[in-house]
Amino acid sequence: MGKSITHKIIEKHLVSGEMVPGQEVGLRIDQTLTQDATGTMAWLQYEAIGIGEVRTDLSVSYVDHNTLQMGFRNPDDHRYLRTVAAQSGAIFSPAGTGICHQLHLENFAKPGATLIGSDSHTPTAGGIGSMAMGAGGLSVALGMAGEAYFIPMPKVVKVHLTGELTGWAAGKDVILELLRRLTVKGGVGKVFEYGGPGVAALSVPDRATITNMGAELGATTSIFPSDDKTKDFLTKMGRPCDFVELVADEDASFDEIIEINLSELEPMVAQPHMPDQVCKVRDLAGKKIDQCAIGSCTNSSYSDLKNTAQILSGKKTPPETDLLISPGSKQVMKMLSREGLIEPLLDAGARVLECTCGPCIGMGGSPTSGGVSVRTFNRNFEGRSGTLDGQVYLVSAQTAARLALDGEFSDPATWGPAPERIELPDDVPSIRDLFVFPPEDKDSVEILRGPNIVALEDFTELPKTVQAKILLKVEDNITTDHILPAGAEITALRSNIPAISQYIFNRVDADFVGRMKNHGTGVILGGENYGQGSSREHAALGPRHLGVKAVIVKSLARIHRANLVNFGILPLLLVNPADYDRLELGAELTIPAGDMTPGGTLEITTASGDAIPVINDLTKKELDIIQSGGLLNAVRQSQS
Ligand code: MIC
Ligand code: SF4
């Protein structure tokens, strides 16, 4: 039987387990990436493991999230990241060089290589055939230490593409169509592997947009074949030697097949406040737009911004519509400037921002109260823009540029000739010199820390019997942005757990932190897909610091589940989803945690004597980690 690309890569990197869906597999990791918002924790954890030099082929520490530098916190974090990378043999990418995923795709990612990153959109590199996964910072720290990365063996879904994109449809519309069909939890436990005759005509940036936003399906990752388009991309990026061909065998078998005819797609839009609330752009015609923002790791490539410049050229946005543009990398910026494409952006009224995440993570660029913001990003969770009642819509770059001119949603049929499909120039300028490569004499590097870098705390073992109250009850699809909001003020505290913990769930229930302080320990009750969204382990570390012992839910998102395990919070699944309604805020629970067996059921009892069956889907290793109070404790125990 032939193999999928996913099976080929996993087989080559398999260090433990069998490739049976759902069973745990351990993978050798070739590359890692970290970014500043999650990276300080990842690197502090790496230091705590005490390994010295990184044991991967390549590890890069990017600074792209917290670049506002209002006060000492962010600059101190960046200096720490620069010095710890130098001492550990990792490459450092300074603030403003670009967004981690765009830079990694352009400069370092390799077809056939495994990559884990402390950011959920790491699968962007799947656009050139890398098996790239988002992970918690501690998992990435262990990857840098040469340890395997453990995941449940995913099911492999083939997305069979036929036809060709036409008119104003873009790569973004492919993934929006998938989100429309499958929803934000439709990809849990799955890899989306693209194939079929439609692949050949899709550009690498379009492919990377699609794999980037596969994260919003909850997927383990998404991957495209490595073919002539990949070869051309790598060659133009000055890396022809990194190319290897990688395609699925003719007779490869898949767990599921989904068909998309690219010729049938038209511009789509995800409406507030979930990436799966997708409809056609024309269905919203007439709705006024207060702001457009083009950029983010999803849509900030050279082709996205060249299209944008061409659409805006010689025209002007209306005064009611603010237009923000953040190029994905200095490489993109250099190409635009060389071709005279910055001027049309400026003349159209756009504000050209730094090459960073910017408005996507709430670092400026928030919309007006209740304002409609049309963005090329991947997430539109409530409040993420920095404006609590902001109405964020997600579209492709060309759609955003065109709508910015109209100042309102309009029917693509009225938009005139479609933009051209852009190819990279033959002589892409290099920005290699902007990266800081580790010095020969690493030991002479002093790691510099400021007061914002607060040492990791020790966590105690999980008690045999957990006695705690439900101190928070939340609905389905709780995102990590609900658990720990984005925005400049809070994100500046990412290397200070005691300080950042004060913001846990504060936009959902302002009294939660206070209740946790009063009781000292507590349990969170949630619905389906709890913890979807980002990889920020602060969404587990913060609750852990406050004393949360267990999270009882209907189902969990993959990366957040791993983060809970890594920090010793017990994730439990309700056997009868209907029990969710029987359990109230304030209910006192007794959890016989010491009696747990891997994958076993357990009866939780309430103060009134009701028995609530829950299941843990934990492996023996995961259970040991939780019982020892988290992965760092477990690693230390195994080292001694
Ligand atoms: C995001 O898009 O939510 C982030 C910010 O990039 C996160 C990481 C973080 O919270 O630092 C992610 O996607 O993992
Ligand atoms: Fe940055 Fe936004 Fe991409 Fe996250 S989703 S890495 S915040 S650009």
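1. Basis of the note. Because this is a predicted model, local features are given where pLDDT is at least 70 and side-chain atom pairs count only at pLDDT 80 or more, whereas totals for chains, interfaces and linings use all residues. Residues are numbered from 1 along each chain as its sequence is written, chains are lettered from A and ligands numbered from 1 in the order in which they are written, and side-chain values use heavy atoms, with hydrogens and water left out.

2. Overall build. The chain contains 21 helices and 26 strands, where helices (H or I, at least four residues) and strands (E, at least two) are DSSP runs numbered from the N terminus. For 640 residues a compact globule would have a radius of gyration near 26 Å, and the 23 Å of the chain agrees with this; the radius is taken over C-alpha atoms, and the globule rule is 2.2 Å times the number of residues to the power 0.38. Along the principal axes, the C-alpha atoms fill a box of roughly 70 × 60 × 55 Å.

3. Among contacts with a separation of 6 or more, 77% come from residues 24 or more positions apart, contact being defined as heavy atoms within 4.5 Å.

4. Helix H16. In this helix, residues 512-519, the buried residues are Phe512, Val513, Arg515 and Met516. Seen down the axis of H16 they fall within an arc of 160 degrees, so they line one face of the helix; the arc is that of the directions from the helix axis to the C-beta atoms. The face turned away from this buried side carries the exposed residues Lys517 and Asn518. Strand E20 (466-473), strand E21 (522-525), helix H17 (538-546) and strand E22 (548-553) are what the buried residues of H16 pack against. After H16 comes glycine 520, with a positive phi near 80 degrees.

5. Helix H21. Leu631, Leu632, Asn633, Ala634 and Val635 are buried in this helix, which spans residues 631-639. Their cover includes helix H2 (36-49), helix H5 (137-144), helix H18 (558-566) and helix H20 (620-627).

6. Backbone points to check. Most residues other than glycine have a negative phi, and most peptide bonds are trans. The bond from proline 272 to histidine 273 is cis, with omega near -5 degrees, and histidine 273 lies in the loop between strand E13 (268-270) and strand E14 (278-280). Glutamine 69, in the loop between strand E4 (58-62) and helix H3 (73-88), has a positive phi near 55 degrees and is partly exposed at a relative accessible area of 40%. Asparagine 477, in the loop between E20 and helix H13 (480-483), likewise has a positive phi, of about 55 degrees.

7. Two buried loop residues. Isoleucine 447, in the loop between H12 and E20, is buried with a relative accessible area of 15%. Beyond four places in sequence, isoleucine 447 touches Glu47, Tyr80, Thr83, Val84 and Gln87, and its C-alpha atom is separated by 10.0 Å from that of serine 88, 359 residues apart along the chain. Serine 300, in the loop between strand E15 (291-294) and helix H9 (302-312), counts as buried at 1% relative accessibility; residues up to four places away aside, its contacts include Ile99, Gln102, Ser326 and Val332.

8. Glutamine 398, in helix H12 (residues 397-406), counts as buried at 5% relative accessibility, and its contacts outside four places in sequence include Trp168, Asn307 and Arg421. Proline 205, in helix H7 (residues 204-213), counts as partly exposed at 21% and, with neighbours within four places left aside, is in contact with Ser301 and Ser303.

Key:
Buried means under 20% relative accessible area, exposed over 50%, partly exposed in between (1.4 Å probe, protein chains only).
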